[in-house]
Amino acid sequence: MIRFENVSKVYPRSTRPALSDINLEIERGEFVFVVGASGSGKSTLLRLVLKEEGVTQGTVLVAGQEVGSLPARKVPRLRREIGTVFQDFRLLPNKTVYQNVAFALQVLGRSGHAIRQVVPETLEMVGLEGKEKRLPHELSGGEQQRVAIARAFVNKPPILLCDEPTGNLDPTTSLDIVRLLDRINRTGTTIVMATHDDDIVDQLRKRVVELKNGHVVRDENKGVYGSGR
Ligand SMILES: Nc1ncnc2c1ncn2[C@@H]1O[C@H](COP(=O)(O)OP(=O)(O)OP(=O)(O)O)[C@@H](O)[C@H]1O
């Protein structure tokens with residue numbers, strides 16, 4: 001589903017590569033934690049998948065498409081295949097829970113009928129039924145992240161990229177959020193989650209890819225957080 005072949009990334013005005021000769025294959029339906037110290041390259045890896053940044057060298061393939069050679073007009077189609085969840089939720093503050101999720105479908109041109117069907121189903125799946133009319137500031141952090149996950153998942157993308165999704169949440173809420181991601185993964189969605197959360201990684205025992213100074217230094221199934229602090 002996602003493949004990196006000899007990928008390096010050097011940002012402009014930077015001497016040290018953010019990623020260095022990365023080879024990585026993530027199969028459809030996998031759940032992968034990407035761990036590593038601050039600055040090890042986790043967010044850069046996710047940005048390359050989304051073509052928010054270009055590679056300096058090598059090839060990134062997403063669902064069989066080579067991202068590097070994708071013309072700008074095809075990037076929106078790539079991003080429709082990929083839901084994104086961030087530490088800071090990024091909800092629209094003046095829209096309700098329902099509207100935040102519906103908006104993701106409106107911009108894709110979905111019919112009102114489809115939206116009225118899918119949004120309630122998705123809100124129920126993430127455990128937000130009854131909170132449809134709340135504004136983001138009327139929700140807890142964990143609830144806000146559930147809205148963000150509903151929004152990312154509402155068009156059933158094959159891939160969900162999560163960059164520190166529990167970074168602003170307490171340990172119990174974090175575990176609830178990752179359990180929700182685990183449930184989404186069980187529907188067949190591939191999940192890649194960059195995280196510093198050692199408790200979560202140790203509890204879920206998924207595949208762990210550890211980055212250090214832009215290199216993959218560990219890739220293990222049913223892994224633990226290990227040294228990636
Ligand atoms: N836009 C940018 N321009 C220049 N250098 C950058 C840019 N973004 C990231 N870097 C550098 O690339 C390296 C990797 O950064 P990246 O954000 O991918 O790390 P990270 O593992 O996600 O860190 P964190 O856990 O703190 O979010 C760092 O040395 C960082 O300073």
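Student: Quick one: is the crossing of α3 and α4 left-handed or right-handed?
Tutor: Right-handed, for α3 and α4. Keep in mind that this is a predicted model.

Student: Which residues make that contact?
Tutor: From α3, they are V97, Y98, V101, A102, L105 and Q106. From α4, they are A114, I115, V118, V119, T122 and L123.

Student: How many of those are nonpolar, polar or charged?
Tutor: The contact of α3 with α4 has 10 nonpolar residues and 2 polar ones. It has no charged residues.

Student: At roughly what angle do the axes cross?
Tutor: Roughly 130 degrees. The axes of α3 (residues 97-106) and α4 (residues 112-125) come within 10 Å.

Student: And why call α3 oblique to α4?
Tutor: Because an angle over 145 would count as roughly antiparallel, and 65 to 115 as roughly perpendicular. The crossing is at roughly 130 degrees. That makes α3 oblique to α4.

Student: Which residues of α3 are buried?
Tutor: V97, Y98, N100, V101, A102 and A104 are. Their cover includes α4 and α5.

Student: New topic. How many residues are in the largest nonpolar core?
Tutor: It has 61. V34, V101, A150 and L160 have the most contacts inside this core.

Student: Which helix gives the largest share of this core?
Tutor: Helix α5, residues 141-153, with 6 residues.

Key:
Residues are numbered from 1 along each chain as its sequence is written. This is a predicted model: local features need pLDDT of at least 70, side-chain atom pairs count only at pLDDT 80 or more; totals for chains, interfaces and linings use all residues. A nonpolar core is a set of buried Ala, Val, Leu, Ile, Met, Phe, Trp, Tyr and Cys residues joined through C-beta atoms within 7 Å. A residue is buried if 20 or more other C-beta atoms lie within 10 Å of its own, exposed if 12 or fewer, and partly exposed in between; C-beta atoms are placed from the backbone. Helices (H or I, at least four residues) and strands (E, at least two) are DSSP runs, numbered from the N terminus. Axes are lines fitted to C-alpha atoms, for helices over the stretch in contact, and angles run from 0 to 180 degrees between N-to-C directions. Angles under 35 degrees count as roughly parallel, over 145 as roughly antiparallel, 65 to 115 as roughly perpendicular and the rest as oblique. A crossing is left-handed if the near helix is turned anticlockwise from the far one by less than a right angle, and right-handed if clockwise. Two residues are in contact if their C-beta atoms, placed from the backbone, lie within 7 Å. Ala, Val, Leu, Ile, Met, Phe, Trp, Tyr, Cys and Pro count as nonpolar, Asp, Glu, Lys and Arg as charged, and the others, Gly among them, as polar.
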